[in-house]
Amino acid sequence: MAALGRQVADRGWQQGSVLRCDDNALLGARYLEGEPAGDLIGLVVSQSCDLTHESLQGEPYAEILVGLRAEDDAALKRRGHCAAGKHPRCLHMPIRQEGNEVWFQFLPWDRLFVDRAVLADRMPDDTRVVLQADLDLLVTWLAQRYVRAAFPDDFNSLLDATRSKQKKLHARLSPDVSGLYARLNPDRELLEGERYTLDLLALVPTFRGDALPSVGKSVQALVDLIRAAGIDARGSVRLEDEVSYGFVRSFRRFPLEHLSLRGDSPDPMPLELSTGERRG
């Protein structure tokens, strides 16, 4: 590892490191204006090996995701929709700060690149820590911007009339389900005389096992709604540790907020967020 990479590593920088409040100036005026230093967070999302790469020319920038503190009443109301990576355009995630849990809101486009060399002269904030499980979720959430499932137009058209009811069911599922997955057959536009068959899989974290009965009722209500739209649907609810990775890979995420190849609804934000504060 050349001098720069070694210096960045020795300073303690890695994926998930947090900028010190004194270094928030690196984020630029857009984010600093009107925001108390403690309400703003700059979270490094570059891979650790990229941060410590030997050549500045080969890896010139560190990528930083900017977040805002989200602990007021409005944020609490929408946390169920935005936590655990459930919504593609808003993530609420806790940061461990001096023994306490502080929640921040992240929007995927609030990212910027800073000269990687500046990290060699700075230390990360060791009072604000991201747990590995939360970091894994954050990285997966960002990646979904590019790899999330899109469904055929014919399928979307069948579901159009039921979208408001789908959202209500999604709100009911949000607190207890870590992921809702779908397997569609055929996974294309329909030929004359064909019908879609849809398998739904809801995964529940093991520590929420007592919620299985209520999740099962909500999933069945969703299945009934989809069947009423002319789709042959069935659903199952499983604890996360009951299914293999290979099995889950045969499904795709079924995010009710963005089922489309054609584009999203006019308001692309989660329920109740459209009237909340947003950075511009």
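The following legends describe close-up views of a predicted model. Local features require pLDDT of at least 70 and side-chain atom pairs count only at pLDDT 80 or more, whereas totals for chains, interfaces and linings use all residues. Residues are numbered from 1 along each chain as its sequence is written, and side-chain values use heavy atoms, with hydrogens and water left out.

View 1. Helices (H or I, at least four residues) and strands (E, at least two) are DSSP runs, numbered from the N terminus. Strands count as paired if DSSP finds at least two bridges between them. Strand β1 (residues 40–44) pairs with β2 in the antiparallel sense over five bridges, and leucine 40 stands opposite leucine 68 in β2. β2 and β4 also run antiparallel and are joined by eight bridges; in this pairing alanine 62 stands opposite valine 114 in β4. Seven of the nine residues of β2 are buried, so that the strand is mostly covered (buried, under 20% relative accessible area; exposed, over 50%; partly exposed, in between; 1.4 Å probe, protein chains only).

View 2. A salt bridge is a side-chain nitrogen of Lys or Arg within 4 Å of a carboxyl oxygen of Asp or Glu, and the structure holds 15 of them. Because arginine 111 belongs to strand β4 (residues 100–115) and glutamate 63 to strand β2 (residues 61–69), the pair ties together parts that are 48 residues apart in sequence. Arginine 111 is partly exposed at 23% relative accessibility, while glutamate 63, at 18%, is buried.

**View 3. A network of salt bridges at Arg96, Glu101 and Asp134.** These three residues, Arg96, Glu101 and Asp134, are linked in a network of salt bridges. Within it, the side chains of glutamate 101 and arginine 96 meet at 3.0 Å, N to O. Glutamate 101 has a relative accessible area of 40% and is partly exposed; arginine 96 is likewise partly exposed, with a value of 27%.

**View 4. Helix α1 and the residue that follows.** In helix α1 (residues 3–10), the buried residues are Leu4, Gly5 and Val8. They cover an arc of only 100° around the axis, which puts them on the same side of α1; the arc is that of the directions from the helix axis to the C-beta atoms. The buried residues of α1 pack against α3 (48–51), where contact means heavy atoms within 4.5 Å. Glycine 12, which follows α1, has a positive phi near 100°.

**View 5. The two sides of helix α4.** Ala75, Arg78, Arg79, His81 and Cys82 are buried in helix α4 (residues 73–82). Seen down the axis of α4, these buried residues fall within an arc of 160° and therefore line one face of the helix. Asp73 and Lys77, on the other side of α4, are exposed. Alanine 84 follows α4 and has a positive phi, near 60°.

View 6. Serine 218 has its place in helix α8 and is buried, with a relative accessible area of 4%. Apart from neighbours within four places in sequence, serine 218 is in contact with Leu169, Arg172 and Leu173. Because they are three residues apart in α8 (residues 212–228), arginine 227 and aspartate 224 are separated by about one helical turn. An α-helix has 3.6 residues a turn, so residues three or four places apart point the same way. Arginine 227 is partly exposed at 42% relative accessibility, as is aspartate 224 at 40%.

View 7. Strand β6 (residues 179–185) and strand β7 (residues 197–204) run antiparallel and are joined by seven bridges, with alanine 182 opposite leucine 200 in β7.
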